[in-house]
Amino acid sequence: MEITNKNLIINSKSKSKLEVFEEISELLFKEKLIQKKSLMTKGFIKREKEGSTGMENGFAIPHSINSEIKEPIVLVLKNLNIKDWETLDKKEVDTVIAIVVPKNGRNDHLEILSKLSGKLANDKFSKKIKSLSSIEIEKELNNLVDLKNDIAKKNNESSSKYDIVAVTSCPTGIAHTYMAAEKLKDAAKELKLTIKVETQGQTFQNILTQKEIDDAKGIILAIDKGIEMDRFSEKDLLKIGTKKVISNAKLHINETLEKKNLDKIRVVATNNTLNGVSGDGELTLHNFKKRSWKAVMNGVSYMLPFVIFGGIFIALSFLIDIKNAGESSFGSTTKVASFFNSIGGVSMGMMIPILAAYTMSGMIGRPGLLPGFIIGMLAAGSGPIFTDIFDIGVPGWVPSEFSGDSSVSSGFIGGVFGAFLATVIVIGVSTLLDYLPESLRGIKQILLLPLFGTALASIVFWFINIPLIYLSWGLLYVLNLINKAGLQWLLAMILAGMMAIDMGGPINKTAYVFGTVMMSISGDGQIYMAAVMAGGMVPPLSIAIATLFYRDKIWDGQDIDAGYTNWVMGASFITEGAIPFASKYPKSIMPGIIFGSLISGLLVGLLKIQLLAPHGGIFVFALLNSMIMPIWASIVTYIISIGIGSIIAAVIIVFLRKREIK
């Protein structure tokens with residue numbers, strides 16, 4: 001890549017951040033480098049929504065990837081006075097360095113940004129840029145482009161002892177990651193200290209070795225997201241955000257070395273990463289609430305394979321034993337059917353213990369696995385384990401179909417609540433064990449904490465679990481009332497609509513988890529699972545249908561290509577396929593997909609279609625059933641229900657997109 005004079009806009013007339021983006025788009029359009037100015041502007045706006053690109057000292061470095069661009073372009077706008085650009089030092093932006101790269105130019109994008117972000121953190125460099133002429137700026141920026149030798153040199157540095165080692169990482173993995181790293185290096189140089197900083201951006205650079213971590217006098221983690229923590233097992237370190245380091249790196253280096261005013265975090269080994277969810281493994285109450293939702297999603301991620309496998313095997317047992325439908329032994333009459341049913345039952349029985357164990361693991365790392373499994377087993381245990389020993393018995397209001405042998409457990413409610421209760425107890429025990437003599441601390445993690453932490457958590461949860469069991473009975477009672485009133489369709493419709501609201505976010509996950517839980521504790525629960533899957537399939541399928549119409553008027557090339565992908569995602573029950581469209585055209589997409597999902601859920605509820613497999617899309621349609629029709633009819637009507645919801649959603653989307661264009 002080479003910077004040329006035409007890339008420089010000196011003395012810009014823009015008065016706001018949006019005007020800057022529009023001015024850049026206009027220039028690129030006049031130079032015949034792009035055909036659609038609006039797409040260029042939207043690209044910059046989309047990036048800003050992920051986090052402001054405003055830096056310090058009056059600089060901003062907006063950046064965007066555009067499919068129309070053939071070669072990377074850097075543009076400089078000077079002499080601005082923009083007040084609506086959120087910057088780290090809360091000052092106005094007077095200089096903008098904008099970077100636009102082609103779709104296949106992501107490496108150039110990151111290299112330029114990483115180097116530029118770091119350089120702009122240096123006051124001398126930032127002042128120098130503002131004082132240079134256009135030709136001199138061109139020369140300086142060209143010096144930033146060829147970074148390969150520089151990166152190779154840094155990555156090949158010989159391992160040695162450092163006063164400070166650090167890791168920097170921000171959510172987008174671009175600007176703040178490298179600004180924080182540069183600030184730490186400058187501060188260490190000023191303090192005459194040696195430092196090595198690992199940057200975890202879109203790529204990992206300057207990786208710390210275990211020896212470097214062990215030998216360092218101080219460790220700083222300037223991170224805004226979860227990272228792998230195994231290397232920092234049992235280390236005292238400072239864990240803060242990148243913005244705090246950028247604001248005052250020298251202060252935090254001194255605090256780390258002097259061991260005062262530190263937010264000390266005891267980190268334990270963990271390896272919890274799955275589907276982008278990872279636990280920090282912190283034996284502390286620090287950020288407990290903030291970490292909780294991520295921990296539950298960690299547990300759910302590990303639980304799902306057990307539910308999916310168990311549900312499919314149980315459903316297969318019913319298919320194999322279809323001739324005995326209606327019999328009390330249905331699903332296990334033949335030896336083959338019984339085999340599939342038993343294996344599926346074992347897998348489903350592991351659902352709550354896995355959920356509880358990996359929820360705790362997401363909170364405190366590996367020490368959470370043992371107590372989590374024990375708590376999960378207690379939560380999954382049947383009612384008599386807790387009620388009969390105290391002669392409490394089954395309450396009179398419990399529906400007769402659920403009270404037979406008092407087999408109801410606290411289930412999902414007990415697993416999650418128990419996991420957090422046990423987490424607090426284990427953290428407390430760990431804190432007390434810190435007062436042990438130095439000679440006994442070696443057996444803390446391997447013996448003392450698992451033994452005393454799990455024992456105390458189990459005893460406390462034994463008693464707490466009793467009211468949780470009654471809470472589960474109450475949930476079944478409410479579901480029984482819904483079923484008797486014939487209102488399954490209402491709950492099914494609500495759950496399906498929730499699947500489309502945030503497509504993979506907390507609301508979507510809540511509906512999905514509810515559907516999987518209902519599969520295992522209620523005879524009619526399979527209706528809700530079928531509604532959840534239908535509601536999750538509608539958004540991507542409706543978008544795929546919508547992109548078939550008015551292609552040249554309301555959709556661009558990227559939309560059309562993504563439309564093909566949504567056919568596959570929708571058929572596979574991957575709701576997230578709709579996210580790019582919902583982000584790009586929220587006013588058109590969101591009303592359509594939510595309404596379409598509501599309609600599909602309503603139809604599934606009215607037809608009482610059941611599904612015992614919690615995932616798989618069209619690949620598990622053979623496992624569908626219904627309370628009012630044969631299996632073949634259940635499959636056909638289920639496909640029709642999803643099709644109707646998808647078509648209605650597509651019609652709404654196209655209609656709203658046309659209005660939006662006008």
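This is a tour of a predicted model, stop by stop, with what to select and what is found there.

**Whole chain**

Of its 662 residues, 53% are buried. Among contacts with a separation of 6 or more, 72% join residues 24 or more positions apart. Switch to a surface view: the chain exposes about 29500 Å², and carbon and sulfur atoms supply 61% of that area.

**Colour by confidence**

Next, colour by pLDDT. The mean for the chain is 78, and 78% of the residues reach 70 or more. Where pLDDT is low, the predicted coordinates should not be read in detail.

**Helix α25**

Select residues 586-607, which form α25. This helix has 22 residues and runs 31 Å from its first C-alpha to its last, close to the 32 Å expected at 1.5 Å a residue. Show side chains and look for the buried positions, among them Ser588, Ile589, Met590, Gly592, Ile593, Gly596 and Ser597. Further along α25, the buried residues include Ile599, Ser600, Gly601, Val604 and Gly605.

Which elements do the buried residues of α25 pack against? They pack against helices α19 (488-501), α21, α24 (579-584) and α26, and against strand β11 (609-611). Just after α25, select Lys608, which takes a positive phi of about 55°.

**Pro539 in α21**

Move to helix α21, residues 525-546, and pick out Pro539. Pro539 is buried, with a relative accessible area of 0%. Leaving aside residues up to four places away in sequence, Pro539 touches Ala500, Thr575, Ala578, Ile593 and Ser597. Two of these residues, Ile593 and Ser597, are on the list of buried residues in α25. For a distance across the chain, pick the C-alpha atoms of Pro539 and Ile574: they are separated by 9.2 Å, and the two residues are 35 apart along the chain.

**Salt bridges**

The structure holds nine salt bridges. Side chains of opposite charge can pair when their charged atoms come close.

Begin with Lys17 and Glu48, whose closest N and O atoms are 3.5 Å apart.

Select Asp163 and Lys217 next; their closest N and O atoms are 3.2 Å apart. Asp163 sits in the loop between α6 (148-155) and β6 (164-169), and Lys217 in the loop between α8 (210-215) and β9 (218-223), so the pair ties together parts that are 54 residues apart in sequence. Asp163 is buried, with a relative accessible area of 13%, whereas Lys217 counts as exposed at 54%.

Then go to Arg657 and Glu660, where the closest N and O atoms are 2.8 Å apart. Both lie in helix α26 (residues 631-661), three residues apart, and are separated by about one helical turn. Arg657 is buried, with a relative accessible area of 4%, while Glu660 counts as partly exposed at 37%.

Finally, select Asp556, Asp559 and Lys584 together: a network of salt bridges links them.

**A nonpolar patch**

Select Leu440, Ile443, Ile446, Leu447, Leu451 and Phe452, which make a nonpolar surface patch of about 570 Å². Within this selection, find Ile443 in the loop between α17 (411-433) and α18 (444-484). Ile443 is partly exposed, with a relative accessible area of 34%.

Definitions and conventions. Residues numbered from 1 in each chain as written. Predicted model: local features only at pLDDT ≥ 70, side-chain atom pairs only at ≥ 80, totals over all residues. Heavy atoms only, no water. Patch = residues over 30% accessible without salt bridge, like charges linked within 9 Å, V, L, I, M, F, W, Y side chains within 5 Å. Areas by Shrake-Rupley, 256 points an atom, 1.4 Å probe, with all protein chains shown as cover. Salt bridge = Lys/Arg side-chain N within 4 Å of Asp/Glu carboxyl O. Helix = DSSP H or I, 4+ residues; strand = E, 2+ residues; numbered from the N terminus. Buried < 20%, exposed > 50% of the residue type's maximum accessible area, 1.4 Å probe, protein only. Contact = heavy atoms within 4.5 Å. Expected span 1.5 Å × (residues − 1). pLDDT = per-residue confidence, 0-100.
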